[in-house]
Amino acid sequence: MYTKNRILVTGGAGFIGSYLVDRLIEKGNIITVFDNLSSGKIEFIEKHLENPDFTLIKGDLLDHKEIERACKDIDYVFHVAANPDVRLGTSDTKVHFDQNILASYNLLEAMRKNSVKKIAFTSTSTIYGEAHIMPTPENYGPLIPISLYGASKLACEALITSYSHTFDMQAWVFRFANIVGTRSTHGIIVDFIKKLRENPTQLEILGDGKQEKSYLHVSECVDAILYAIEKSKKDVNIFNIGSEDTISATRIGDTIVEEMRLSGVRFTYTGGNRGWKGDVPRMRLDIEKLKAIGWKPVYTSERSVRETARALIKGD
Ligand code: NAD
């Protein structure tokens, strides 16, 4: 089904986007990456630059004319671009509104004007807020996000589903757990490695270290996305994507210490049950819907974290 589709990937030079691009190219599609390179890197997509089936547009979703031009003759949009930094919302209240909500609106308008009918969107577990059903299924409600980031992604979902209904589009919405892998530029693994390189005797952990969350390797995440698009054909298709277990922040610390072959590292905690305002301390997604169509993860959270830490430490 993916062969020779013309696919626009917003945020295709970023962490998850660039892995998605690798896989879509492997499958023989014609890819345009639309990315402002704010956190994305040319080196992540460098190997495709000479490929005649690959185009890079260095553009910003806030420039509606630019994205409108990029949507010409496109079959599918994978909307991956966003500002994914949850913590940023505590100091900058506008960034997620602009980079996520307004950017998605501009994209949807560009799609509508160019009659592009299919969109896949990378959403997040943070739209559930502090869910009291664990694992949390897709039909959990009410949805009460506790971060400005979560709020912005929920607003994006709402725009996408309403555009789909109003303008006869088809949408796939993927709510991710924590996605890890090389090319990731932020998050707990990157943060712990950086701290331990600076001071191999001590590791500061935000919160009480007991935060329990699900982690999934990016290779499995991309697998799940492409599998679900192939197997689900409703107008709006919503899937959680995550691992079936969790790992605590302290255990992640232990894993990274082991992988860096350090010993005697003293862990200190900033205290409180969450890392920062807006951090959801317990997160595990119900993936029965994905399993029912035939996909399930192979890795545990710990294995995803360990493989990522190992590769990042090696400098891959
Ligand atoms: P990332 O920062 O590596 O990728 C985002 C990409 O979007 C970057 O290449 C950036 O340059 C680009 N971008 C940002 N604003 C743009 C704009 N205005 N115009 C054009 N390009 C722009 O982040 P990521 O971790 O790969 O996340 C990808 C997506 O997955 C995001 O939508 C994020 O919300 C979602 N997500 C990520 C995780 C995770 O654990 N990494 C979890 C849940 C959801």
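Visitor: In which sense do strand β1 (residues 6-10) and β4 pair, parallel or antiparallel?

Guide: This is a predicted model. Strands β1 and β4 pair in the parallel sense, and four bridges hold the count for that pairing.

Visitor: Which strand is joined to β4 by four bridges and runs parallel to it?

Guide: That is strand β5, residues 118-124. Here Phe78 stands opposite Ala120 in β5.

Visitor: Which helix makes a β-α-β unit with β4 and β5, and is the unit right-handed or left-handed?

Guide: To read such a unit, follow the path from one strand over the helix to the other strand. In this model the helix is α4, residues 95-113, and the unit it makes with β4 and β5 is right-handed.

Visitor: Which way do the residues of strand β4 (residues 76-79) point, and are they buried or exposed?

Guide: Buried means under 20% relative accessible area. In β4, Tyr76 and Phe78 point one way, while Val77 and His79 point the other way. All of these residues are buried.

Visitor: For contrast, is Ile30 buried or partly exposed?

Guide: Ile30 lies in strand β2, residues 30-35. Ile30 counts as partly exposed because its relative accessibility is 30%. Ile30 and Pro52 are 22 residues apart along the chain, and their C-alpha atoms are separated by 8.5 Å.

Visitor: How many aromatic pairs does the count come to?

Guide: The count comes to six aromatic pairs. One of them is formed by Tyr128 and Tyr140, with 6.1 Å centre to centre and 80 degrees between the planes. Planes over 60 degrees apart count as edge-to-face, and this pair is edge-to-face. Tyr128 and Tyr140 are 12 residues apart, each in the loop between β5 and α5 (148-166). Tyr128 counts as buried because its relative accessible area is 3%. Tyr140 is buried as well, with 8%.

Visitor: Which residues do ring pairs link into a cluster?

Guide: Tyr76, Phe78 and Trp172 are linked in this way. Tyr76 and Phe78 are the residues that point one way from β4.

Visitor: Which ring has the charged end of Lys289 over it?

Guide: For this feature, look for a charged end placed over the face of a ring. The charged end of Lys289 sits over the ring of Phe239, 4.9 Å from its centre. Arg183 lies over the face of Tyr19, at 3.9 Å from the ring centre.

Visitor: How many cavities of 30 Å³ or more does the count come to?

Guide: The count comes to one. The largest cavity has a volume of about 30 Å³.

Visitor: Which residues line the largest cavity?

Guide: Among them are Leu20, Phe78, His79, Ala120, Phe174 and Ile225. Strands β4 and β5 each supply at least two residues of the lining. β5 gives the most, with three residues.

Visitor: What is the order of the strands in the open sheet of three strands?

Guide: The order is β12-β9-β14, with mixed pairing. Strands β12 (247-248) and β14 (282-283) each have a single partner strand and stand at the edges, so one side of each is left without a neighbour in the sheet. Strand β9, residues 212-213, runs parallel to β14 and is joined to it by two bridges.

Visitor: Which residue in β14 is the bridge partner of Lys213?

Guide: The partner of Lys213 is Met283.

Definitions and conventions
Residues numbered from 1 in each chain as written. Predicted model: local features only at pLDDT ≥ 70, side-chain atom pairs only at ≥ 80, totals over all residues. Heavy atoms only, no water. Buried < 20%, exposed > 50% of the residue type's maximum accessible area, 1.4 Å probe, protein only. Pairing = 2+ DSSP bridges. Phe/Tyr/Trp six-rings, centres within 6.5 Å; stacked < 30°, edge-to-face > 60°. Lys NZ or Arg CZ within 6 Å of the ring centre and 35° of its normal. 1 Å grid on protein atoms, 1.4 Å probe; cavity = no way out; pocket = protein on both sides within 12 Å on 5 of 7 lines; lining within 4 Å. Points joined across faces, edges and corners; volume = space filled by probe spheres on them.
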